[in-house]
Amino acid sequence: MTAGSGRLVVVEGGEGVGKSTQVERLAASLRARGQEVVVTYEPGDTKTGAELRAALLHADTALDPHAELLLMLADRAQHVAEVIRPAIARGVVVVCDRYEPSTLAYQGVARGLGVDEVERLSKWAASDVGADIVIVLDLPDSIAEARVSPVRDRFERAGAEFHAQVRAAYRDLAPARGWVLVDADGTPDDVAVRVLDAVTAVVP
């Protein structure tokens, strides 16, 4: 749980599941209920983070998995310090597109760095600021692959096997960590209702 009176809601999932759409719809629904909401994302939603994002998503040379992880964690540390922790302290609901679960699925599992070690380092980088609820948008591999934009970043170009490992990692890690798997197959309106129903348990 997070310190302070605010809440941290994280929306997760592999490529092509519709995270950005559902983040915006969730924020709009919470605002309509009278909540003050800050929408943010990882990596890149600080000035320093934007530079790290460019290296992570658009580097011309290959990144060692350890270097990739450390860049992600540097982004998280700055993100928490500059955006997330201050908003929570003000009593705001923070809706974040990707956070620690992405690091566990992508770097811990799909990059083979180990979930336990990656989780330990991620909590340290985030100063133990954890999500109050994690929503994982889940789609079959074939549907998710068809939705990915033809203009792809470094992660999106990692290949079908890599992304299948990521999606499987979310499903495997969710039960022990209390992440809520939400069926992302359907219209954006249908999925938005499912997401809001899950979040309402934490943010009335």
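This is a predicted model: local features need pLDDT of at least 70, side-chain atom pairs count only at pLDDT 80 or more; totals for chains, interfaces and linings use all residues.
S127 sits in the loop between α5 and β4, the strand of residues 133-138. Its phi is near 50°, which is a positive value in a residue other than glycine. Most residues other than glycine have a negative phi.

R98 is not a glycine either, and its phi is positive, about 80°. R98 is found in the loop between β3 and α4. Is R98 buried or exposed? With a relative accessible area of 10%, R98 is buried.

While we are on backbone geometry, there is a cis peptide bond to point out. That bond joins E42 and P43, and its omega is about -10°. Most peptide bonds are trans. P43 lies in the loop between β2, residues 37-41, and α2, residues 47-58.

Now the overall picture. The protein has eight helices and five strands. Reading from the N terminus, the order is β-α-β-α-α-β-α-α-β-α-α-β-α. The C-alpha atoms fill a box of roughly 45 × 35 × 30 Å along the principal axes. For 204 residues, a compact globule would have a radius of gyration near 17 Å, and the protein agrees with that at 16 Å. Of those 204 residues, 47% count as buried. The accessible surface comes to about 9,200 Å², and 53% of it belongs to carbon and sulfur atoms.

Next, charges. There are 22 positive and 31 negative side chains, and the centres of the two sets lie 2 Å apart. Side chains of opposite charge can pair when their charged atoms come close. How many salt bridges does the structure hold? The count is 11. I will go through some of them.

The side chain of R98 forms a salt bridge with E15, at 3.5 Å from N to O. This pair links distant parts of the chain, 83 residues apart: E15 is in the loop between β1 (7-12) and α1 (19-32), and R98 is in the loop between β3 (93-97) and α4 (100-110). Both E15 and R98 are buried.

Another pair is D189 and R25, with the closest N and O atoms 2.2 Å apart. Why does this pair tie together separate parts of the chain? D189 lies in helix α8, residues 188-199, and R25 lies in helix α1, so the parts joined are 164 residues apart in sequence. D189 is partly exposed, at 47% relative accessibility. R25 is partly exposed as well, with a relative accessible area of 32%.

My last pair is K123 and E100, whose side chains meet in a salt bridge at 3.5 Å, N to O. K123 belongs to helix α5, residues 115-125, and E100 to helix α4, so this bridge ties together parts that are 23 residues apart in sequence. K123 is partly exposed, with a relative accessible area of 36%, whereas E100 counts as buried at 12%.

To finish, back to R98. Salt bridges that share partners join R98, E15 and E12 into one network. That is the end of my part.

Methods
Residues are numbered from 1 along each chain as its sequence is written. Side-chain values use heavy atoms; hydrogens and water are left out. Helices (H or I, at least four residues) and strands (E, at least two) are DSSP runs, numbered from the N terminus. The radius of gyration is taken over C-alpha atoms; the globule rule is 2.2 Å times the number of residues to the power 0.38. Buried means under 20% relative accessible area, exposed over 50%, partly exposed in between (1.4 Å probe, protein chains only). Accessible areas come from the Shrake-Rupley method with a 1.4 Å probe; for residues, only the protein chains shown count as cover. Lys and Arg count as positive and Asp and Glu as negative; His and the chain ends are not counted. The place of a charge is taken as NZ of Lys, CZ of Arg, CG of Asp or CD of Glu. A salt bridge is a side-chain nitrogen of Lys or Arg within 4 Å of a carboxyl oxygen of Asp or Glu.
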